[in-house]
Amino acid sequence: MNQDIYSSDPPMGQDPLVLLQTLQLLWTKKELGKLKEEIRRGFARLEDPLAGLLAMLESSSHWKGKGHSLEYCITTELQLWIKAHPAIPQSSTKLKKLQARVLGMLSQCPANLLDPLISIYQLHTADRNYLLEHVSHLYLQGNYKEAAVLSIKLKLQPDQDVEKMCTPLLLQDKANLVEEYVAEYPELQRKLLQTLDAWCDLSFNIRDITRPYQGLSKYKPEKFNRRVLSKLVFRLLERFNADSALCPNVINQQHLRTLKYLFYKRFIEKTMTEENWADHIESTVGENRWLQEHLVQLLLRHCDARGAARWAQRCRVPPEMLPQRVAEELQKLHIQDRVEKVTKADNYEASKKKDYYQLPIPRENIHFLQTWEEMLQCWEKVLQPGQVVGVDMEWKPSFGMVGKPRVALLQLALKDEVFLLDLPQLLEQAETEGEKEKLPHFIQMLYSDATITKLGYGMSGDLSSLAATCSTLKDTEKQMQGVVDLLAVDKQLQWGKDSRKVDGLSPEHSHEQRGVRQPEKGLSLLVQHVLGKPLDKTEQLSNWEKRPLREEQILYAGLALASDAYCLLEIYERLCKDPESFGLGSDLTDSLVGKQSKKPRAKKQLNKQEAPSPSEQECQGPRTEPPRPSAPISPQEFSVVCDNMLQGLGRYLRCLGVDVRLLNNEDEHRKAAEIARQEGRVILTSGLPYQTLRSQVGEGRCFSVNCSEKAKEQALQVLKHFNVQVSLGDIFSRCQVCNCNKYLRVSREGMKQLVESSRQESGEHSAGCLGSQSCSVTMPVCDTAQPGCTPHSEQAEGMEQCGAAAVLAGDTVLQVTAIPPGVLDRAELTDFYCCTCCGKVFWEGSHFGRIVSQFQDVLVASGDTQSIYELS
């Protein structure tokens, strides 16, 4: 019998309510396939499907509920049926009647029915005035949300009063609906922002707005105050990318809060220097008279008349705005002498030495870099395999303003020196020279090089600001390798009441002993725990975007910033040296770098019986390389060509004396096979190219490196596989730039003469910049270092007498101007070593020690234990 109900052919003009009963039965039985079929057949038999749907909706008692319903299913199926069966055009009178019936139920129907009903009954074509009247009627009945939603669906906003429509919504805490209401209309966005800003005027009585709506359901007056409205304004300004000039009241009050915060930091907390504080006051107040008046009031509250006059002078407050006693003091003030300022800075530093962490390197080793020529010395020293670099960034404090801050200073700390990069100046210079990608390229190389360990504290936030500074750096975080975020380490450390004392100062008593009012936090607290004293953060809120920078900023604030980056090196060294005393695992170095490098964990070495997983096979290639040679070989007997995916590996092997050819990024893999055949080299590659390259060279001349390993681990893998035994004499026996293995030894005095002659010839009188200038005298290569030893040899014959030489035979230019200031004055340096191929100059340093420490497991004893490099 039920089968007859939904399979019979009802006559034309069937009663829609009878159809509804049939559909309800199928809906109850959850026979959805038959339900949809019956809906389509039923509408085909209705005399007027549009009127029939309304009759069914009006008679149903369940369609007003939320979520999926039978009525929703019927409505959407009719919508699809109409598209497939264009209906006979309705007369305008009949359609208007249907539209009137639909409007009457739209305010009560669930949200998912709005769009289908508006489409079916063509409400967008209805008389606009009629629609506006209906929405207005809903509004007067207190159905504010329904009125707004229907206005959005019917796009009626341009003909409505935005303040009138949005006020009750804000009182009901429906700010999201307000945003949606104005989202597509820039003019309405501006009007809304101006309205909200007017409400935030201190002279405006907000109760005047709320009074007519006090009986409103879900009324939340606590959500309707100046602070909440100000936050909404800032959110709308950012979302709609609107001009902040539309909201002077909100912006002024934000600046006033900034002023009060600055006064708190300077006079209550006392953690800002006068110069730093004044910079921010000047930047915040500017020429705004309203803010200047409040500034004077704050000055009188926290200073005497003379102090108020001094800062009023600095901030250029017009005398007529000052109280009489402040104006009188202003007339007596004189600009302080420059010598007094410098003396004050020196006294400031001296007073801080006993309380705060001090940079262990001299001030002359801190380089403030503003030109690309100066940057080259940083580039060369930082991008060295095995280097450990402390990284920190500074920007102008936002004080709650909209948008991400732009990095103003990038600090890079090495073991012996610190570089402070003036990013705005460097980017501007590069832009002017048409090479705007130069600096981003350097930063990307630094972060993506797995052979360089980068130390930071809260790196994610720093990189976010870096991306806001230069859009080409937005993917840096995804590409970075070899990074250690000490914030993650800090979270692992347990500093309880029983935490160990550091350098005789226990964390729980250190504030009292030092007389510091405010407790340390963040990196400063970590420095205090690990190194014994906190960082000096008095310049933390400095305005680093202001140009030119104050001399005081460069003198002692620059010193403090150098400490921020350099302390990361000392913390890392201390934790690595004694991790267990800090509650950390003994494998600290590997675990830290591994967790931060965004790479798969290095897989355990397989036993002979074990087979790699498919994913590992894809990365490593089949493990079918020939057996290792039975007899050990030296690095001088081993020559390789590295695929362009393994440049970091190649640089490490070259450090160890291996003859390495590196493919460039643009080179195709097949070039490695060409070089291997022509020069008898072994190909080092990884992943899929291994299969192709192996077939193009002789047996045993291609090796697949595990691409999930770091470059250092890859180098160890290669050395062990080919039984290459490295001695101390092999380290740096090849030039890291060009792979040459012949050096010219020059005495310190001889190098001084070369540098001075080159400067005189080129007209340059400052050291530290890379250059290729040379004088006209050529020097034959009389005696050079040979492979198998670190770069040292007998003194080149005639060098002392030919002090002006800067060009070797063969037109090789010695890069003498690349030697940084101060190196030639180091008494312990007796000789310099010049690559006879590219002219690169080398001298004693700590880089040798880092490489030795990283590869000590594979070093073998050698009769030649002398080295020009000292372990550090």
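The model is predicted, so local features need pLDDT of at least 70 and side-chain atom pairs count only at pLDDT 80 or more, while totals for chains, interfaces and linings use all residues. Residues are numbered from 1 along each chain as its sequence is written, and side-chain values use heavy atoms, with hydrogens and water left out.

Stay with the whole protein. Buried residues make up 51% of its 872 residues (buried: under 20% relative accessible area; exposed: over 50%; partly exposed: in between; 1.4 Å probe, protein chains only). Switch to cartoon: there are 37 helices and 16 strands. These are DSSP runs, numbered from the N terminus: helices are H or I with at least four residues, strands E with at least two. Among contacts with a separation of 6 or more, 71% link residues 24 or more positions apart (contact: heavy atoms within 4.5 Å).

Now colour by pLDDT, the predictor's confidence in each residue, from 0 to 100. The mean is 75, and 74% of the residues reach 70 or more. Select 334–339: pLDDT is below 50 there, and the stretch has four contacts in the model beyond near neighbours in sequence. Then select 764–805: pLDDT is again below 50, but this stretch has 122 such contacts.

Four strands form an open sheet in the order 8-7-9-10, with parallel pairing (two strands pair if DSSP finds at least two bridges between them). Select 659–662 and 702–704: strands 8 and 10 stand at the edges, each with a single partner strand, so one side of each is left without a neighbour in the sheet. From one strand to the next, the twist averages 25°.

Pick C642: its bridge partner in strand 9 is L684.

Last stop: R574, in helix 29 (residues 551–577). R574 is partly exposed, with a relative accessible area of 27%. Show V530 as well: 44 residues separate it from R574 along the chain, and their C-alpha atoms are separated by 7.5 Å.

Key:
Axes are lines fitted to C-alpha atoms, for helices over the stretch in contact, and angles run from 0 to 180 degrees between N-to-C directions.
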